[in-house]
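Subject: Structure for your review

Dear colleague,

Please find below the structure that I promised to hand over to you.

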Amino acid sequence: MPDDQPQQPVYWLPYTLHAPIPPSRRSSRHEFPGALIRTGAGFGCIHPWPELGDLPLQDQLAGMANGFLTPLSRRALACAEDDGEARRMGCSLFDGLTIPESHAAVPAPTMAALHSAHEAGFQSAKCKAGPGDLQLMRELLRASPLPLRIDFNETLSQNDLDSMLSELSSSDRDRIEFLEDPFPFDANTWTSSASHWNITFAVDRHVVEGWASAGVAVLKPAQHDAFLLANTIPPAQGRAVVTSYLDHPLGQLFAAWQAARIASSFPGLLRLCGLATHTLFERNAFSELLPDGPRLTPPPGSGLGFDDLLERLPWKRLH
């Protein structure tokens, strides 16, 4: 039996998040399936993005049932372990911690959306973009009330990026807080391009091997041990961002807890995070308990919260 086989029975429940606007330029979907898991006293979340290389949900669950874990299912079990320990003790994982503030997630970037985010108190906005959005990005950067974080999910070529940036003035480029995964990661090319344009690059898809070559590391607790990775990053100001996996609010709160731990243990390491992502999807019973705005506050209850909602779910045994 593999040594990462869960020692207690695992229960699961499927869910689907509904997005009026696809939250990723790599997907045209509006429905996003995932699964909550329960083992012992704790809960976790598996929310794959096959467009970004994750195994589909049924393969994730089949592997877990047979003791073969993926990065997502392994982290879901780690979440359940931490959550369960706090629930057994009758305390919240957030006791004594403060969740860092977040940027605004703007799936359909328009000037109206950016002004709305500014009025809601956000200090930065993150936009998803692709090769067909270069002219739009130029227009937004010329008049945005907020600095922009633009995530291209490695969909550009270096020539695409050079073309976009060359048509911007230096003051327009100053509104770019960072470019996330602008084109496929290569340490030397990224370093030279970022230096040439005097723009910060952020690495997400290759964060484990690439954070040393990028200005900002995007840490996703749903994929890797963000706290452990943060411990390897030199404590320079603003070198990391913790984000959710655009997943269920339970997974979102796991990311928020990890961000709060990192902020407490490594002062100054984090920039504004990407934790306020529930507003990208239609409301459900869980997201109704989360506030809008730049700072999440955890729901009441033990562990990650949501006690009553989680207990009432019709769990099914996985193995």
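The largest share of the lining of the largest cavity comes from strand β5, which gives 3 residues. Please bear in mind that this is a predicted model. The elements that contribute two or more residues to this lining are β4 and β5, the latter spanning residues 125–128. The space inside the largest cavity amounts to about 260 Å³. In total, 21 residues line the largest cavity, and Pro23, Lys126, Lys128, Leu246 and Thr277 are those nearest its centre. Sorted by class, this lining consists of 10 nonpolar, 7 polar and 4 charged residues.

How many cavities of 30 Å³ or more are there? The count comes to 3.

Two elements, α2 (71–89) and α10 (249–265), each give two or more residues to the lining of the second largest cavity. Of the elements, α2 gives the most, with 4 residues. By class, there are 9 nonpolar residues, 1 polar residue and 2 charged residues in this lining.

I turn next to the sheets.

Another open sheet has 4 strands, ordered β3-β2-β1-β11, with antiparallel pairing. Its edge strands are β3 and β11, each of which pairs on one side only. Strand β1 (residues 10–18) is joined to β11 in the antiparallel sense over 2 bridges. There, Tyr11 has Arg317 in β11 as its bridge partner.

The aromatic residues deserve a separate paragraph. A pair of aromatic rings is described by the distance between the centres and the angle between the planes. A search of the whole structure finds 10 aromatic pairs. In one of them, Phe32 and Trp49 are tilted, with 5.0 Å from centre to centre and 40 degrees between the planes. This pair links distant parts of the chain, 17 residues apart: Phe32 belongs to strand β2 (residues 31–39), and Trp49 to the loop between β3 (42–46) and α1 (57–65). Both Phe32 and Trp49 are buried.

A further pair is formed by Phe43 and Trp315, whose ring centres are 5.5 Å apart and whose planes lie at 40 degrees, so this pair is tilted. Which parts of the chain does the pair of Phe43 and Trp315 tie together? Phe43 lies in strand β3, whereas Trp315 lies in the loop between α11 (307–311) and β11 (316–317), so the pair ties together parts that are 272 residues apart in sequence. Is Phe43 buried or exposed? With a relative accessible area of 1%, Phe43 is buried, because buried means under 20%. Trp315, at 16%, is buried as well.

Finally, I draw your attention to Ser163, which is found in helix α5 (residues 158–166). Ser163 has a relative accessible area of 32%. This value falls between the limits of 20% and 50%, so Ser163 counts as partly exposed. The C-alpha atoms of Ser163 and Leu134 are separated by 8.7 Å, and the two residues are 29 residues apart along the chain.

Yours sincerely,
A colleague

Key:
Residues are numbered from 1 along each chain as its sequence is written. This is a predicted model: local features need pLDDT of at least 70, side-chain atom pairs count only at pLDDT 80 or more; totals for chains, interfaces and linings use all residues. Side-chain values use heavy atoms; hydrogens and water are left out. On a 1 Å grid over the protein atoms alone, a cavity is a set of points where a 1.4 Å probe fits but cannot get out, and a pocket is an open set with protein on both sides within 12 Å along at least five of seven lines; lining residues have an atom within 4 Å of a point. Grid points are joined across faces, edges and corners, and a volume is the space filled by probe spheres set on the points. Ala, Val, Leu, Ile, Met, Phe, Trp, Tyr, Cys and Pro count as nonpolar, Asp, Glu, Lys and Arg as charged, and the others, Gly among them, as polar. Buried means under 20% relative accessible area, exposed over 50%, partly exposed in between (1.4 Å probe, protein chains only). Rings of Phe, Tyr and Trp (its six-membered ring) pair if their centres lie within 6.5 Å; planes under 30 degrees apart count as stacked, over 60 as edge-to-face and the rest as tilted. Two strands pair if DSSP finds at least two bridges between them.
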